[in-house]
Amino acid sequence: MKNYKIALIKGDGIGPEIIDEAVKVLDAVCVGEAFSFSYEEYLMGGIAYDVTGDPLPQATINGAKNSDAILFGAIGGEKWDQLPREKRPESGLLRFRKELGVFANLRPAKVYDELVNASTLKPEIVQGVDIMVVRELIGGIYFGEPKGREGNKAFNTMVYTVPEIERIAHKAFQIAMQRTKKLCSVDKANVLDVSQLWRETVIRIAKEYPEVELSHMYVDNAAMQLIRNPRQFDVILTGNIFGDILSDEASMLSGSIGLLPSASTGLKHGLYEPIHGSAPDIAGQGIANPIATIASAAMMLRYELGETRAADRIEAAIAKVLREGYRTGDIGAYDAKEICSTSEMGTIIANNVAAIR
Ligand code: NAD
């Protein structure tokens, strides 16, 4: 029997509520399987600042690094907005990603059939959309040197090295192999030298994955195609700034922020979290949608722990529960049969996970 050590970082606002539901589902999925979970909780964000004076205590970094995977809720809130920048919860999160060396950000954008009307695009355009954006997270223009201001001029530098492109390309090809074996690399190779290197490197790495069908697209066209015909995409591989913009655009195809998971992974560590924040406006009311966090736990099983069947069971349970009309308030306007609390939604998904074999 394998035991996976999971670091739980609940954080602020709705973080504790949604993580508790993901744990409920993880406990249900391991029954009858050859693995189990043990959990260790660590402080981060505003709560960590309140308790220790640091939004990212060293004990959290150590604990996370010693775990098999990290499940993260959300951090931040008005209470901490006036602190100096380095003490703010959001600075702690950026530092955390850097510490963990998580260079690949995976953001799926999936449209559930039952929620096709929740999108701002027409149902016939978004029905069946299931995209995975693989974004390089710790390089490119957000980190490149030199950067700064001189008189009336300001500048940033977009830099990628071959090894940085190779490792994110491998990640994207590996994910494409687990999906429909279709990968679109997005760049601006018609204008940028750095994109030319990106494209050459991706083409070279593609030789190691002959089963994957590789295409290339300029980022301006990709932004347009995501709205025009999003079903043409499966895995999108791109750099930091292009991925930042395209993954937000893609996530909105599905209509609700409460549904979408994400992963930030590297060679050693993986951080799994919903794409939304700590939602202070609804914290403590028991109405937050836990699906994004439960789906993040499924990604953790698939991409970090290699427990593909368990991930499939969780994803199937989420789809079934939505098909049967269970909704939290945020998606209550779309074909709801029953409006559930956060905890009821977690329990219904956990019960379904137990029933799906
Ligand atoms: P947010 O994502 O927290 O909330 C935006 C809106 O979506 C709110 O109306 C909220 O109620 C709703 N919402 C979000 N998640 C929901 C869920 N699971 N179920 C139902 N409704 C949900 O964004 P914000 O309001 O801009 O930020 C609030 C705080 O979160 C800020 O302090 C911000 O810095 C922080 N934040 C943290 C992260 C993170 O931890 N990774 C990400 C984004 C924002």
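A salt bridge is taken here as a side-chain nitrogen of Lys or Arg within 4 Å of a carboxyl oxygen of Asp or Glu. The structure is a predicted model, in which local features need pLDDT of at least 70 and side-chain atom pairs count only at pLDDT 80 or more, while totals for chains, interfaces and linings use all residues. Residues are numbered from 1 along each chain as its sequence is written, and side-chain values use heavy atoms, with hydrogens and water left out.

**View 1. Salt bridge between Glu90 and Arg88.** The side chains of Glu90 and Arg88 meet with an N to O distance of 3.6 Å. Glu90 has a relative accessible area of 33% and is therefore partly exposed; the classes are buried for under 20% relative accessible area, exposed for over 50%, and partly exposed in between, computed with a 1.4 Å probe and protein chains only. Glu90 also belongs to the closest residues around the ligand. By the salt-bridge rule, the count comes to 24.

**View 2. Surroundings of the ligand.** The ligand is surrounded by 21 residues, the closest being Glu90, Gly277, Ala279, Asp281 and Asn289; a residue is included if one of its heavy atoms lies within 4 Å of the molecule. This shell divides into 10 nonpolar, 7 polar and 4 charged residues. In that division Ala, Val, Leu, Ile, Met, Phe, Trp, Tyr, Cys and Pro count as nonpolar, Asp, Glu, Lys and Arg as charged, and the others, Gly among them, as polar.

**View 3. Polar atoms facing the ligand, with Glu273, Gly277 and Asn289.** A polar side-chain atom of Glu273 is placed 3.4 Å from a ligand nitrogen atom. A polar backbone atom of Gly277 lies 2.7 Å from an oxygen atom of the ligand. For Asn289, a backbone N or O atom is 2.9 Å from a nitrogen atom of the ligand. The ligand taken alone exposes 810 Å², of which the protein buries 67%; accessible areas come from the Shrake-Rupley method with a 1.4 Å probe, and for residues only the protein chains shown count as cover. Strand S3 (69-74) and helix H4 (89-100) are the elements that give two or more residues to the shell around the ligand. Helices (H or I, at least four residues) and strands (E, at least two) are DSSP runs, numbered from the N terminus.

**View 4. Backbone of Ala279.** Ala279 has a positive phi, near 40 degrees, in a residue other than glycine. Ala279 is located in the loop between strand S12 (270-274) and helix H10 (291-304).

View 5. Glu21 counts as buried, at 6% relative accessibility, whereas Lys24 is partly exposed at 29%.

**View 6. Salt bridge between Asp50 and Lys79.** In this pair the closest N and O atoms are 2.6 Å apart. Because Asp50 lies in helix H2 and Lys79 in the loop between S3 and H4, the pair ties together parts that are 29 residues apart in sequence. Asp50 is partly exposed, at 40% relative accessibility, and Lys79 is exposed, with a relative accessible area of 60%.

**View 7. Nonpolar surface patch of Leu43, Ile47 and Val51.** Together these three residues have about 230 Å² of accessible area. Patches are made of residues with over 30% relative accessible area and no salt bridge; like charges are joined within 9 Å, and nonpolar side chains (Val, Leu, Ile, Met, Phe, Trp, Tyr) within 5 Å. Ile47 is situated in helix H2 (residues 46-52) and is partly exposed, with a relative accessible area of 35%.

**View 8. Cis peptide bond from Glu145 to Pro146.** The omega angle of this bond is near 0 degrees. Pro146 is part of the loop between strand S5 (130-136) and strand S6 (148-150).

**View 9. Side-chain contact of Asp220 with Lys188.** The side chains of Asp220 and Lys188 are joined by a polar contact of 3.0 Å. A polar contact is a pair of N or O atoms within 3.5 Å; within protein, one must be able to donate a hydrogen and the other to accept it, and residues adjacent in sequence count only if both atoms are side-chain atoms. Asp220 lies in helix H8 (residues 219-228) and is partly exposed, with a relative accessible area of 45%.
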